[in-house]
Amino acid sequence: MAFRTEQELMPWDLFERLILQLADHRFSGWIALHNYNEPLANPRLVTELAFIAGRLRHSKPSIFTNGDLLNSEMVRALCNAGVSYLRVMRYPPLSQAMAAQSDHQIADWLDHKNILTICDWKVCPVRQGCAAFGEIQQMKIEVIVPNISLYNWRGGTTSIPLGCERTLPCSLTTRSAAIDFAGRLKMCCNVYPEAPDHANYVIGSLNTHSFAELWESSVMEKFRYAHVRSDWSVSPICSRCTQTLPRDFPTVVD
C-alpha cells in the first residue's frame, strides 16, 4: 500500500537533534537509515552517515536497500562512511514471487552490478529465501533473493495473505525504536502512520518531545507489557504478524 509519492527527508535540525540525544545516552546499537523508503535515493545519505560517525562513534550504522542504485563505487563509499551492515533485498518479479530462488540469480545480479569480485561471497539458504554473504573491511554485506510468500503482511498494508493467529510473544517494542521522516516514533517498524488502521500506533512526535520521553512513555510500556504476553488486545494489527526477531534488531530511522 503506497501513500507517499514524493521524496520527503527528515528536517536536518530534527535529524541532528535526534542523533545528539542518542549520543547523550551513549547509544551503541544498530541505527538503520530506512523504513518504507530507499536510502540510496537520499541525496544527503553520506552526510548523515558522517554526522552519525562523528557523534555515535560506537554505534553500528546499517543500510537496507533494494539495490537498484547500488554499484561498486557506492559499496566502497558506504564502507568508507562507516556502515557496519549492508542488506540488499532483490525482490523477484511477481511471476516468480512464490517460487524458490536460486544462487544463480544472486550471482547474475552481483556480476551485473560489477560487485561479484569486490569480495569473496558465500551463498546459502536463509529464512527469507537465498542469500549471498560478503565482507569488506568492517562492513558485512547480505544480498537476499526472497520468497515473498514468507513475508510479513505489515498490519494489512501489504498484499501478503493473512497468516494464522500469532501466539509467539514480541519484543520489538522493547528492542527497536522506529522513527519516520516526520519524526514520529511508531510502535514498531511495521506501522505505517498514513494507514487509517495504524493511527493509534504512533507514540508521539520528536518535534515536541525528546526521544527518552516517548521511548519511556506509558503508551510504549502498555504495548511492551502486552506483547511479551502475546496479548494483542491493545494492538489488533499485531495478531497476524509474522515478524521474526533477529538476535540484534536495528534502530530504524527513516
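This note sets out numbered points on the predicted model shown above.

1. Basis of the values. The model is predicted: local features need pLDDT of at least 70, side-chain atom pairs count only at pLDDT 80 or more, and totals for chains, interfaces and linings use all residues. Residues are numbered from 1 along each chain as its sequence is written, and side-chain values use heavy atoms, with hydrogens and water left out.

2. Overall composition. The chain holds 7 helices and 10 strands; these are DSSP runs numbered from the N terminus, helices being H or I of at least four residues and strands E of at least two. It has 254 residues, of which 50% count as buried. Buried here means under 20% relative accessible area, exposed over 50%, and partly exposed in between, with a 1.4 Å probe and protein chains only.

3. Surface and contacts. The accessible surface of the chain is about 12900 Å², and carbon and sulfur atoms provide 53% of that area. Areas come from the Shrake-Rupley method with a 1.4 Å probe; for residues, only the protein chains shown count as cover. Among contacts with a separation of 6 or more, 66% are between residues 24 or more positions apart, a contact being heavy atoms within 4.5 Å.

4. Helix α1. Buried in α1 are L14, F15, L18, I19, Q21 and L22. These residues cover an arc of only 160° around the axis and therefore lie on the same side of α1; the arc is that of the directions from the helix axis to the C-beta atoms. In general, an α-helix has 3.6 residues a turn, so residues three or four places apart point the same way. After α1 comes R26, with a positive phi near 55°.

5. Helix α2. In helix α2 (residues 45–55), the buried residues are L45, E48, L49, F51 and I52. They fall within an arc of 160° when seen down the axis, so they line one face of α2. The cover over these buried residues includes α1, β1 (30–32), β2 and α3.

6. Strand β6 and its partners. Of the 8 residues of strand β6 (residues 139–146), 7 are buried. β6 runs parallel to β3, to which 5 bridges join it, and L86 stands opposite I141 of β6. On strand β5 (residues 129–136), 8 bridges join it to β6 in an antiparallel arrangement; F133 has E142 in β6 as its bridge partner. Strands are taken to pair if DSSP finds at least two bridges between them. The hairpin of β5 and β6 has 2 residues between the strands, and Q137 there takes a positive phi near 50°.

7. P146. This residue lies in strand β6 and is buried, at 0% relative accessibility. Its C-alpha atom is separated by 7.1 Å from that of M89, although P146 and M89 are 57 residues apart along the chain.

8. Salt bridge D68–R90. The whole structure contains 8 salt bridges, each defined as a side-chain nitrogen of Lys or Arg within 4 Å of a carboxyl oxygen of Asp or Glu. One of them joins the side chains of D68 and R90, at 2.9 Å from N to O. D68 lies in the loop between β2 (60–65) and α3 (72–80) and R90 in the loop between β3 (85–89) and α4 (103–112), so the pair ties together parts 22 residues apart in sequence. D68 is partly exposed, at 48% relative accessibility.

9. The side chains of R184 and D180 meet in a salt bridge of 2.6 Å, N to O, and D180 is buried, with a relative accessible area of 3%. R184 also forms a salt bridge with E194, the closest N and O atoms being 2.9 Å apart. E194 is in the loop between β8 (184–186) and β9 (202–205), and R184 is in strand β8, 10 residues apart. E194 is partly exposed, with a relative accessible area of 28%. Shared partners join D180, R184 and E194 into one network of salt bridges.

10. A226. Helix α7 (residues 218–227) contains A226, which is buried at 4% relative accessibility. Leaving aside residues up to four places away in sequence, A226 touches D231 and V234.
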